[in-house]
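Welcome, and take a moment to look over the model before reading on. The report below walks through a few loops and helix pairs, one at a time.

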Amino acid sequence: ALCASRASVALPALLRASAWGARHGEHAFRGRTLLAAARVLSEAGRGEEAVGWLEEAHARFLAAGDAAAAAEALNVMAVHDYHQGRLEAAARRWTEAASSARDGDAGAHAALLGNLAAVEVQRGRLAEARERYEQALALARSVDRRGEEALCLHNLALVDHLRGRLDSARREAEEALAFAARAKKTDWEARGRALLALVALDAGAASEAQRAVDDARALAEAHGLRREVHVDVSLAEVEVALGRGRPVVAEAAWSRAASHAGALGEPGAKAAVALAEAEVALARGQSARALRAVEEAETLASRHGLQ
């Protein structure tokens, strides 16, 4: 409701300013106001409506010779494509944006490389994802972008965990978590603790895993964090509960994850939740339900190019 209210107030003013820019041939101004309007629409859950404005903003920035702003518009479009499961389109836009940003802001270039790495993770190409994240990390460190550095470290930890490299995953996750705590980035801290819980679980430290995931849940609930954070935390709770032989607790955590993923609508999150349901169902002896959940995950993966 808050986002919708903001859209109703901000959009008319932005569109009036944008129209002024069009009348006076101010390409950069027109592009900036369209980009701002598109961001407002996206925050209000109307991302598809914003695409046309973003495409025009991109063209206006190119006409004005502003490569950095053009890359920013491409990035916003790519983020929307990614969350809608259009991985090819997202990768294409991010590749173009990264090419434009290569000679400009190193921090922005690092962020774009990190986004490309996220596509590789969704595709199951973990070695390629790690290479992208390492490039992004080096760029972030070269210009002392600590926030981008911490995000890269968290994502490297995620990739190393998926590859079974638990020592590296723990080291990277703890370093990223330390930054998140110092900077009071609560959403990053919650996700970091959820990831540490999974690493600890796979390392055979079940009690440590439980403490970490409990901390993540407390952060998510106390600070009203974004739905995607709740999905990550709830899925970690599922794994920890199953690892400790508590299928009823896992069922409750899965239900929370399913609720948030359904509202979020992101195909990757919905596929992860479907696979978690299959694990819970098997643990509870519900083989037919497990099969349906696996089929749902496979359908989502096939439709959106996920692994």
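## A tour of loops and helix pairs

Ala-64 sits in the loop that links α3 to α4 (67-83); helices here are DSSP runs (H or I, at least four residues), numbered from the N terminus. The model is a predicted one, in which local features need pLDDT of at least 70, side-chain atom pairs count only at pLDDT 80 or more, and totals for chains, interfaces and linings use all residues. Residues are numbered from 1 along each chain as its sequence is written, and side-chain values use heavy atoms, with hydrogens and water left out.

How confident is the predictor? The mean pLDDT of the chain is 91, and 97% of its residues reach 70 or more, where pLDDT is the predictor's confidence in each residue, from 0 to 100. Residues 1-5 have a pLDDT below 50, and this stretch makes 3 contacts in the model beyond near neighbours in sequence. Contact means heavy atoms within 4.5 Å.

Let us return to Ala-64. Setting aside residues up to four places away in sequence, Ala-64 touches His-27 and Ala-28. Ala-64 and Phe-29 are 35 residues apart in sequence, while their C-alpha atoms are 9.3 Å apart in space.

Asp-144, in the loop between α7 (126-142) and α8 (146-162), has a phi near 55 degrees, a positive value in a residue other than glycine. Lys-184, in the loop between α9 (166-183) and α10 (186-202), also has a positive phi, of about 55 degrees, although it is not a glycine.

The table gives the accessibility of these residues; buried means under 20% relative accessible area, exposed over 50%, and partly exposed in between (1.4 Å probe, protein chains only).

| Residue | Relative accessible area | Class |
|---|---|---|
| Ala-64 | 39% | partly exposed |
| Asp-144 | 58% | exposed |
| Lys-184 | 70% | exposed |

Two packed helices are described by the angle between their axes and the distance between the axes. Axes are lines fitted to C-alpha atoms, for helices over the stretch in contact, and angles run from 0 to 180 degrees between N-to-C directions.

Helix α2 (residues 27-43) and helix α3 (residues 47-63) have axes that come within 8 Å and cross at roughly 160 degrees. That makes α2 roughly antiparallel to α3 (angles under 35 degrees count as roughly parallel, over 145 as roughly antiparallel, 65 to 115 as roughly perpendicular and the rest as oblique). Among the residues that meet are Leu-34, Leu-35 and Leu-41 of α2 and Trp-53, Leu-54 and Phe-61 of α3. By class, this contact of α2 with α3 has 12 nonpolar, 4 polar and 5 charged residues. Here Ala, Val, Leu, Ile, Met, Phe, Trp, Tyr, Cys and Pro count as nonpolar, Asp, Glu, Lys and Arg as charged, and the others, Gly among them, as polar.

### Helices α12 and α14

For helix α12 (residues 227-243) and helix α14 (residues 267-283), the axes come within 11 Å and cross at roughly 20 degrees. These two helices, α12 and α14, are therefore roughly parallel to each other. Their contact includes Val-231, Leu-235 and Leu-242 of α12, together with Val-273 and Val-280 of α14. The contact of α12 with α14 has 10 nonpolar, no polar and 2 charged residues.

Glu-228 also lies in helix α12. Which residues does Glu-228 contact, leaving aside its neighbours within four places in sequence? They are Arg-191 and Leu-264.
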